[in-house]
Structure formats: structure tokens, C-alpha cells
Amino acid sequence: MPLNTRSPQTTDKAGEATGEDLPTEEERQTPDPEGTPADADTEASAPTASAPDTEPVPAPGTVPHPRPSAQGAAGPESASGTADHDPASGTAEPEASSGAMEPEPSSDSADLTSDSGGTDPTSNSGSTEPEATPGTTGRGPRPLTADSEGGPVTTKPKAASAAAEPTSDTGATEPGSASGATGRGSASDPAEPEATPGATDHSPAPGAPESASISGAPEPEPGSEPESISHAEPEPGPEPKSVSDAPESGPEPERAAEPEPEHALAAQTASGGDSVAEHGPESAGPAPGGRAISAAAESAGPAGTDDRPPAPEADRADSAPDTTPDPTPATAPTAEVAAAPDPRPAAAPATEQTATPRPRLPRLRAWGEAHPRAARVTGVAVTVLAGAFVVAALLLPSKPESLKFAAFTRLPMEALTFAVLLAVLPRRPRLTATWIGGITLGVLTLLNLLDIGFREYLGRGFDVILDWPLFPDGYSYLEDTLGGTGAVGVLVAVLVIAAALLLVPVLALARLGGLMARHRATTTRTVLVLSLAWMICTALGLRIDGVPVAAERTVHTVQARSDSIRETLRDEQEFARTAGVDAFGGTPGSELVPDLRGKDMIFTFIESYGRTALEDPEIAPGVEQTLADSTKALTEAGFQAKSGWLTSATYGAGSWLGHSTFLSGLWVDNQSRYRTVTTSDRLTLTKAFQKTGDWDTVGIMPGVQKGWPEQRFHGLDKVYNAFQLGYQGPKFSWSTMPDQYTLEAYQQLEHSKKRDKPLMSEIILTSSHQPWAPVPKMVGWDELGNGSVFDAIEKAGTDPKDVIADSTLSKEGYGRSIQYSLTSLTQFLERYGTDDTVLVFLGDHQPISRVSGDHASRDVPCTVVAKDPAVLDKIADWGWSDGLRPAQDAPVWKMSSFRDRFLTAYGSTPHPKS
């Protein structure tokens with residue numbers, strides 16, 4: 001008996017022929033453009049039957065991919081033997097397939113499908129095929145649906161109901177459906193394609209009733225043939241009707257979602273497929289054949305919209321001839337899988353995977369929605385602050401004395417140029433420009449701040465090539481001054497500020513760039529007006545408090561940095577050539593300093609001893625009194641002195657630069673030059689005594705606390721560092737020991753020893769090193785011992801934390817420390833000096849600008865003291881002042897010139913070496 005054959009003509013609902021020709025067999029078998037048969041939609045108008053659309057019939061063994069109907073269109077027509085459900089009328093409308101159409105059912109009941117259980121019998125041969133009325137949802141094969149987590153799963157077809165139950169227009173769901181699905185699918189397509197491998201045949205068992213009734217459905221009327229649920233292969237005969245043979249109306253429906261992986265299906269259809277979607281209104285019992293019904297998440301209605309009771313378990317059991325779950329893999333859907341049509345307006349699925357992503361900073365956004373006015377004010381304030389930060393960063397000076405309000409009232413040209421760039425660029429290039437410009441601005445701001453700090457302490461700007469090695473020394477200074485915890489706190493604060501200065505400009509430019517891009521016209525007009533104002537200010541030379549209004553500081557800063565880098569690289573090469581030329585480099589030892597033979601030479605550097613100590617009105621009185629008293633005491637002891645001025649190569653710090661400049665006769669003012677000269681064979685002043693072979697040479701270095709490879713450069717046979725002088729007393733901030741103890745240790749370790757040769761010594765005194773708190777006090781020379789006598793003095797002294805940032809206290813401490821160092825040195829000379837002792841002492845550099853003031857000179861006093869008048873007679877032509885204090889108008893030489901002058905004055909013969 002042939003299955004689902006159609007007559008050449010369709011019939012209307014009264015069974016009369018309409019005369020409309022059905023598609024030919026060749027037309028029906030025309031391939032779908034997509035390569036798979038499509039679902040058919042019913043006409044959107046009722047109650048007339050729509051003309052069937054031509055759809056290809058899938059080849060045996062292929063997997064059809066049904067297309068769900070568009071929203072608002074009729075659902076797809078199910079396979080033969082199913083009835084489409086009309087949610088508006090509660091009826092299902094059959095379509096005749098053998099020449100007769102059944103009358104249209106009434107609103108609430110029908111001969112074919114009604115709540116009372118009446119059904120129109122259909123058969124596999126010459127039977128009528130139900131056709132969905134407008135707006136109904138077809139009961140075709142169960143669609144691909146989304147599980148409760150939002151992922152698509154395959155559902156297993158459920159036997160057609162003998163009674164179609166009405167659904168409401170408000171989206172009520174039928175019993176047995178899940179997640180608000182609006183229709184039941186039938187599994188009785190006689191033209192079902194060959195199942196995929198591993199699928200289980202769900203045909204009724206032999207002897208089982210041919211129809212499967214859903215619980216509560218009445219038996220078919222006498223004489224009617226029950227609805228078939230056959231899964232058997234079609235018998236030979238006319239081409240069976242495909243799922244896609246139903247009429248199509250409305251726009252092209254969307255494709256069904258791809259099935260979910262097997263593990264998701266397993267989670268959804270556990271326990272033989274009895275579970276439904278998590279968000280469904282109720283659990284559905286097993287369908288005939290054991291296939292679980294999962295609702296389409298996209299068409300899920302509100303939970304609880306169907307108040308009809310579920311079918312009794314007994315009825316479900318009777319109507320299910322086979323409860324074995326279908327083992328067909330979820331990844332290989334069969335022809336029974338179709339998309340779930342939804343005639344209702346689409347609703348957002350209540351699943352996690354399809355939920356709208358939460359906005360960033362949800363609390364902040366919620367606050368903004370709750371307080372719109374406050375949010376607007378905050379947004380404007382942030383924008384204004386961003387603009388102010390960018391302008392301030394562009395105008396930030398690099399000198400401490402330039403930090404005044406007028407410097408930040410200028411109009412930066414760079415801001416106008418970058419504003420135009422941000423306004424015209426598309427989004428992605430604008431973001432790139434924002435990152436580049438923001439980081440560049442942050443780096444320039446950091447460099448400006450470093451310039452300010454270096455000028456405060458060293459009297460010069462930061463060198464981006466040479467000054468990085470100074471940071472470890474700076475941290476050591478902080479540890480000595482503030483302690484370990486304080487130093488770590490400062491370091492963390494500096495790192496946080498540095499990171500903020502790199503990030504904040506990027507965020508600020510991003511905010512401003514977005515605003516300018518949204519208001520391009522306004523931005524353009526504003527920039528034009530400000531540019532005109534900038535040009536007028538430039539042409540007229542307008543100034544505020546001496547500062548030009550029109551500014552292009554960032555351009556000049558970048559240019560100056562570039563010039564500085566080029567100059568540093570060029571200078572390094574030139575200095576290497578200069579250091580190789582030495583006027584006394586080839587002089588034999590016998591011709592070096594012959595007029596000082598037999599003398600005990602002492603070269604002493606006093607930390608930060610500069611002109612400020614003798615000329616500052618707050619500091620000078622105490623220092624000058626100390627010098628006057630010391631001069632008188634030394635004169636009484638038989639010593640005489642001459643003093644002058646030397647200009648140091650460094651300022652505020654970098655004592656090693658001053659030491660190397662004084663000893664080498666070269667201008668060593670940066671780390672590159674220092675490395676070059678200290679690794680060369682340059683003849684230093686101290687090495688000249690070693691080269692003669694007539695002196696023992698020794699170094700007293702209380703400030704050296706690690707390896708010191710410069711010993712060879714200084715020409716010292718032996719060096720005593722901070723750990724080799726036997727001191728067991730307290731540190732005085734950075735200074736490891738008081739100068740009085742250092743000199744006493746030198747006396748005990750070297751100077752007092754009898755020797756065959758005279759002694760040449762280099763001594764560094766550190767008690768006048770910043771921060772000048774606490775300051776040691778003089779004690780009896782016989783009481784020094786191991787230095788523990790200074791414990792009480794150190795505890796009673798000023799806390800360095802109170803002095804480090806206070807200019808007044810710093811000046812007071814500096815003056816007292818210089819007095820202490822001078823007193824210690826002159827008393828040592830009085831106490832231990834001999835007729836052959838010659839003392840040369842000087843400062844290494846001026847104190848920091850917080851003490852010496854802005855634009856202070858780099859001059860330091862230099863004094864030669866001896867008992868032998870012949871020693872001072874050799875330098876009589878220098879024009880230096882008598883005594884320990886140089887006159888204000890005494891000669892001023894560059895510190896690098898002292899070596900050659902000294903060697904020449906005491907009989908050395910130049911023999912250049914190149």
C-alpha cells in the first residue's frame with residue numbers, strides 16, 4: 001500500500017477539487033539551494049488552504065536540515081499523520097492527501113482534533129494530511145532545542161497526539177513540552193530518511209496499537225484510522241511525501257541551530273530521556289519510543305503558563321510501546337530533527353550562555369543610573385581634571401626655581417596639535433596614538449621630575465645615559481638616613497608615582513580623544529581659535545610674570561634631550577683621547593716632587609666643604625670663628641698655611657668626581673668620564689708619590705663599604721675601609737664614624753709607626769656629609785677608644801628625618817658639621833703633626849642647593865699647611881691667602897689644574913705621554 005500519495009489536484013475543505021495543480025515529481029525533487037530539504041510553512045491567512053510549495057525530497061540516507069519558520073509565520077508542517085495545532089482556536093487543520101479535505105473545525109472543537117478527543121483518521125495510503133491553520137505551530141519532528149544552559153540539544157520525536165490540545169495566545173505551553181515549547185512533534189513521517197548509524201528503530205512492537213495517545217486524549221471515533229507512528233521504510237509506490245512538501249509562506253525561515261555535543265545531550269536526557277529543560281514548567285513523561293522532549297530555549301515561555309495536569313503515568317505507559325532511549329548521537333541529527341517554530345514574539349532565552357553580558361563596573365553604572373545628576377557632574381569633573389593634567393604635564397618646568405604659577409598659565413602648542421590629531425583619526429588609530437602620546441608624555445614628565453631632583457642635589461639635570469648607576473647609592477643614602485623601613489616606603493612610593501605617571505596620561509588622552517571625536521566640529525572651531533591666540537601671543541611676545549604665554553616647551557625639551565644624548569656619546573670618545581695625553585705621564589719617578597722628599601704628605605678631603613660655609617650669612621659666622629681659632633692654635637704650634645679657591649667638577653654630591661678631578665688633573669664631571677679615567681694608567685697626584693718609590697702610600701676610607709677597584713688608580717699600597725678601622729660606635733646617619741675617630745685610628749694604625757720611608761696618606765672625612773644630623777661632638781682624644789663613647793651623643797642628636805627636608809635645620813646642621821670636621825683635623829695636626837708633616841686639605845664640592853642656594857658657585861676652599869717654611873715658599877707665587885681661610889678675592893682655579901701646578905711647584909719635570 002503506497003504511503004502518502006497525493007492526487008493530481010488538491011481539494012478544498014469541503015472536499016471539492018480546486019483545480020490547482022500540484023508540483024510535478026521532477027519539481028519536487030529539485031535540489032534545495034542549501035543542499036538540504038527545508039521545512040514548509042503554512043500560510044499566514046486562515047481558513048483557506050494554501051497552495052503547496054515545491055520542496056525537494058531528500059535522498060535515502062541523507063539528513064534533512066529543517067528550517068524553522070520566521071517569527072510570526074506558520075510553523076512547519078509535520079510529517080504525514082500529524083496534526084498542526086492552532087493556538088488561537090484550539091484545533092488542528094488536516095490537509096487531504098488523497099483527494100478530500102476535512103471541514104474546518106470550529107473555534108473550540110473539531111471533528112479532526114478537539115479537546116474531546118476527536119481526530120480525523122489518516123492513513124499511510126490515500127489519507128488526508130493535516131495542514132496547519134494560520135498562526136498555528138506544526139507538530140512535526142521535534143526541533144533542535146537549547147538546554148537550560150543555553151546550548152542546543154537534539155530532541156527525540158514524540159508520537160503524535162490523538163487529541164491536539166489548545167494553547168493560549170499568551171504563550172501557554174502544552175503538557176509534556178519543556179521550556180515553554182508551543183507544539184508537539186510527530187515521529188510518524190512515512191518518508192523518514194535512513195537513520196544515522198547507531199540509531200534505534202522506534203517502530204511499534206508487533207501487535208502494539210498503531211496509534212500512540214498522549215495521556216488524557218480520547219480514543220478515535222469509530223471508523224477512523226488511528227494516526228500512524230511508523231518508522232518503517234516506505235513500501236514501493238509513488239514517491240513519499242517529504243517533510244518539506246508542506247506549503248511554504250512567509251520569508252525564508254532561519255536555519256535550525258546545530259546540535260549540542262553529546263555530553264550536553266547526556267546531561268539533558270538522563271534517566272531514559274524523562275527530564276526536561278531546567279526552566280520548563282513541568283517534567284514531561286517519556287514519549288513513545290522513549291525519546292525525551294527538550295524545549296527550544298529561544299521559544300521558551302514563562303514558567304507555569306500551562307495549568308493543565310500532566311498525563312497519568314499509566315496512560316503514558318500504555319501509549320509507549322518502547323521506552324528504550326534513542327542512542328542516536330547528538331552530533332548526528334536525523335530527519336526527525338527539526339527547528340522549533342515560534343509564532344510568538346521572540347523572547348530573550350533565560351539561559352546563562354545567551355544572557356546579555358554584564359557591563360563593566362556594574363556598581364558604578366548602577367550608581368550612575370540611580371544618581372544621573374551626580375554622574376554627569378562627576379563625568380565633567382573627570383574630563384576637566386584629565387585636560388588639566390595633560391596641560392600641566394606639557395608645561396612642567398625642569399628647574400626648581402621655575403616652579404611657579406605663571407609657568408602653568410601658558411598655552412602649549414603641542415596640546416593644540418594633538419587635539420586635532422585625536423579628533424580626525426578613526427577609532428583604532430586614535431587608540432594607538434593615545435597610547436604612544438600618553439606614554440611619551442609620561443616619560444617626559446618623569447624626566448622633568450628627575451631634572452628637578454638632580455638640580456636640587458647635584459646642581460645639574462639628569463643624564464639619561466650616565467646617571468642610572470647613582471640610584472643604588474641614593475637608596476643606600478635613604479637607608480642610612482631613614483632606616484630600612486623608611487627607605488622601602490620611599491622606594492614603593494617612587495615606583496607607584498612612576499607607574500601612575502606612565503598610565504594616567506594614557507587614560508587622560510583616551511578620555512579627551514573620545515570627547516573630541518564625538519564633537520569634531522566643536523573641537524575644530526576651538527582649536528582654530530586657540531591656534532590664532534597662540535600665534536598672536538607669539539608675535540606680540542606676551543608674558544605673564546616674565547613667562548611667555550605661547551609655549552612649545554615639550555618640543556624644546558625633546559630637542560634638548562636628543563642633543564644631550566648625542567653630546568654624551570661624542571664626549572665619551574673625546575675624553576678617552578684627552579685622558580691619553582699626560583704632561584707628566586712619561587716622567588720618571590726620580591723626577592717627581594723632588595722638593596718634598598722626606599715629608600709626610602697628607603691629602604684630606606672634607607665632605608661638602610664649600611664656599612657657602614664661609615660666605616652664607618647663617619653659616620659663615622660659626623665656621624669663620626672655628627677657622628680663626630684653629631689658625632691661631634696652629635700658629636702657636638709652629639704651622640703656617642696658605643689658602644685659595646678651586647672650582648669643583650661636581651656639586652651637591654658625587655664626591656668621587658671631585659676626588660678624581662683633583663688627583664688626575666682632568667675634568668671628571670660624569671660617570672662616563674669617571675669610568676674612563678679610573679680604568680686608565682693616568683698619573684694621579686697620589687700615584688706620583690708611589691711612583692717615586694720613596695713613600696709608603698695608604699688610604700683611610702671610612703666611606704668605602706664595598707670593593708674599591710679604584711685603589712690602583714689612586715696609587716695606594718694599602719687601604720683601610722669602614723670595617724678595618726676598628727670602630728664599634730654608632731653611625732651618624734650616612735657617616736660610618738666621626739672624623740675624630742677616623743683621624744685617631746689613622747694615627748694608631750699608620751701615622752704613629754716608625755718606618756724607613758715617609759708616609760703619603762689620602763684621608764676622606766665624612767662627618768659633614770648630608771643630612772647633617774645627628775652631628776658628632778668633640779671628646780677627649782684619650783677617651784675615643786673603640787668609638788662607643790659616641791653612643792650617648794648620637795642618641796641625643798637630631799633625628800635626620802626632621803632635617804632632611806627642612807632648609808633651616810639643614811643649614812644649622814651643615815654649619816656645625818663643618819666646624820666639627822675642621823676642629824678634628826686641626827687638633828689632630830696640633831696633636832700629632834711633626835716638622836715634616838705637610839697637610840693639604842680641601843672640600844670636594846659645595847653642599848646641596850637647599851643649603852647653598854640656587855645658582856651657587858662650585859668653589860671650594862683649598863689649604864696647604866706645613867711647619868717647614870720652604871714648603872709654602874714654593875707656592876708663594878700662587879697668590880693664595882695666608883691662614884686657613886681664603887680671602888674672598890683669592891685666585892680661583894679649576895680643580896683639574898691643581899695636579900700640574902702642584903707637581904711643577906715642587907720640582908717635577910714634565911715628560912708628556914701620548
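Of the 914 residues in this protein, 52% are buried, where buried means under 20% relative accessible area, exposed over 50%, and partly exposed in between, with a 1.4 Å probe and protein chains only. The model is predicted, so local features need pLDDT of at least 70 and side-chain atom pairs count only at pLDDT 80 or more, while totals for chains, interfaces and linings use all residues. Residues are numbered from 1 along each chain as its sequence is written, and side-chain values use heavy atoms, with hydrogens and water left out.

Let me begin with the overall picture. The protein has 24 helices and 20 strands; these are DSSP runs numbered from the N terminus, helices being H or I with at least four residues and strands E with at least two. Its accessible surface comes to about 39600 Å², and 57% of that belongs to carbon and sulfur atoms. Accessible areas come from the Shrake-Rupley method with a 1.4 Å probe, and for residues only the protein chains shown count as cover. Among contacts with a separation of 6 or more, 79% are between residues 24 or more positions apart, a contact being heavy atoms within 4.5 Å.

Leu431, Trp435, Ile439, Val443, Leu502, Leu503 and Leu507 make a nonpolar patch of about 610 Å². Patch residues have over 30% relative accessible area and no salt bridge; nonpolar side chains (Val, Leu, Ile, Met, Phe, Trp, Tyr) are joined within 5 Å, and like charges within 9 Å. A salt bridge here is a side-chain nitrogen of Lys or Arg within 4 Å of a carboxyl oxygen of Asp or Glu. Helix 8 (427-457) and helix 9 (470-518) each give two or more residues to the patch, and helix 8 supplies the largest share, four residues. Ile439 lies in helix 8 and counts as partly exposed because its relative accessibility is 40%.

Next, Leu530, which is found in helix 10 (residues 520-540). Leu530 counts as partly exposed because its relative accessibility is 33%. Leaving aside residues up to four places away in sequence, Leu530 touches Leu411 and Leu416. Leu411 is 119 residues from Leu530 along the chain, yet their C-alpha atoms are separated by 8.3 Å.

Finally, a helix pair. The axes of helix 16 (residues 685-692) and helix 24 (residues 898-905) come within 10 Å and cross at roughly 35 degrees. Axes are lines fitted to C-alpha atoms, for helices over the stretch in contact, with angles from 0 to 180 degrees between N-to-C directions. Leu685, Ala688 and Phe689 of helix 16 meet Phe898, Arg899, Phe902 and Leu903 of helix 24.
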